[in-house]
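Biologist: Thanks for sitting down with me. Could you walk me through this model and tell me what stands behind each label?

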Amino acid sequence: MSREDVTIGIDVGTTAVKAVAADKDGHVTARVRIPHELRVPSPDRLEHDADEAWRRGPVAALERLDQPHAKAVGVSSMVPSLTAVDADGHPITPGLLYGDSRGRVPGAEPQPLPAVGEAAQFLRWTAAAAPGAAGYWPAPAVANHALSGEAVTDFATAVTSAPLFDGNGWNAAACADCGANVAQMPRVETFGAPAGQVRGTDAVLAIGAIDALCEQIVAGADREGDVLVLCGTTLIVWTTIAEFRQVPGLWTIPHTAAGKSQIGGASNAGGLFLDWVNSVVAAAESDVADPRRVPVWLPYIRGERTPFHDPDRRAGLVGLDLTHDAAAVRRAAYEASGFVVRQLIELSGAPVGRIVAAGGGTRMQPLMQAIADVTGRPVEVSGVAEGAALGAAFLARMAVGLETSIADAARWASVDRVVTPRPDWVEPTRERYRRFLELSGSRLA
């Protein structure tokens, strides 16, 4: 395979750095995963060792991929995130992550996430913890600097930092109000642009994008009514709609497909919740549970993002009795994630054409089955679990002129399998969904 055929995407995620090498048709030729610790020093805090996860992790992933002839490398990451760095670009404070209480604006009303002002509060806390640091950078800037010496981030990540970034550049007054200056912030470039050279190689450093955007461009969920379910540490649900409109509690953003929008949002009912359940509930096969004997989880293990935007909500397990076993409790957890998917779809008010699932959580077959059972619809599971890394690899092709349009990334979409609803589970889950809505206080109840 020629060097022109291969680009690399690196995704800095909540629990691991994932990296893939892909050819011109989006076929993954190599993949690696470098786990890192998700630190929860208190119930309302969420952070990384930024040196481990954001700096050393991407470098190790690139080394382990061992693709010396790759043409370009692109990085994706979650938002918002922030750390202080020294003159060598090494993090010197914790890497603050989305939803951390250090990002809350005192006295502010709950709002859709990423909340306006969350990144600013991250900067305020970080600048106070490390005054005079050489820089205050989000995760992609740390990773890009580690790979190439370029402290650069993408435009989409910068935009989520409002009011620090005003759409044209870093706002000097807003940065100063948080204890920083513009010179301490990373350079901002448009995704798919070349930004430098990867150390020790001939590969170009390409500007990537937010993880959810990178997943979206290679998922193929571009038609009106397509629902994209991103199953990562965060559960994200986007329904493609033809016209921009807003719904209370949901978030509407532009689609990468011209003239379309996406409506939905992010929930804590993904891997953050399911991994916790896995750590406290005995091992069992959830499929052996009786369809009519399953309790109901409220999955708000650290508050909820969309649609409630309430960081103080907490989880609950309702209807548990002596006849329930680990299989029933585990099935209830998977259903809870499915309930959130259905809730966000129904709140959007959009007609549903099909459901496409992507992300690392698609490897959990019981989760895919629960989403199918709860929604009563087939779930098309993406052929590449590392969707964010794959999307970054496509943007890397744009940086070296091998692609000219982000719309062409649709040809990289693939389906691994289709999970269909089971008739004997559909009606019982419908009843539990009604109970879930009542317990959560949803206006759909």
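Biologist: In which sense do strand β1 and strand β5 pair, and over how many bridges?

Modeller: Residues 7-12 (β1) and 72-77 (β5) pair in the parallel sense, over five bridges. Two strands pair if DSSP finds at least two bridges between them, so five bridges meet that rule. Strands here are DSSP runs of E with at least two residues, helices are runs of H or I with at least four, and both are numbered from the N terminus.

Modeller: A word on the source: this is a predicted model in which local features need pLDDT of at least 70 and side-chain atom pairs count only at pLDDT 80 or more, while totals for chains, interfaces and linings use all residues. Residues are numbered from 1 along each chain as its sequence is written, and side-chain values use heavy atoms, with hydrogens and water left out.

Biologist: What makes β3 and β11 edge strands?

Modeller: The open sheet has six strands in the order β3-β2-β1-β5-β12-β11, with mixed pairing. β3 (28-35) and β11 (194-197) each have a single partner strand, so one side of each is left without a neighbour in the sheet.

Biologist: Why is the pair of W276 and W297 called edge-to-face?

Modeller: Rings of Phe, Tyr and Trp (its six-membered ring) pair if their centres lie within 6.5 Å; planes under 30 degrees apart count as stacked, over 60 as edge-to-face and the rest as tilted. The centres of W276 and W297 are 6.0 Å apart and their planes are at 85°, so the pair is edge-to-face. W276 lies in helix α7 and W297 in strand β17, so the pair ties together parts that are 21 residues apart in sequence.

Biologist: And what makes the pair of W238 and W251 tilted?

Modeller: Their planes are 50° apart, with 5.8 Å centre to centre.

Biologist: How do you know whether W238 is buried or exposed?

Modeller: Buried means under 20% relative accessible area, exposed over 50%, and partly exposed in between (1.4 Å probe, protein chains only). W238 has 5%, so W238 counts as buried, whereas W251 has 31% and counts as partly exposed.

Biologist: What puts R331 over the face of W425?

Modeller: The rule asks for NZ of Lys or CZ of Arg within 6 Å of the ring centre and within 35 degrees of the ring normal. R331 lies over that face at 4.1 Å from the ring centre.
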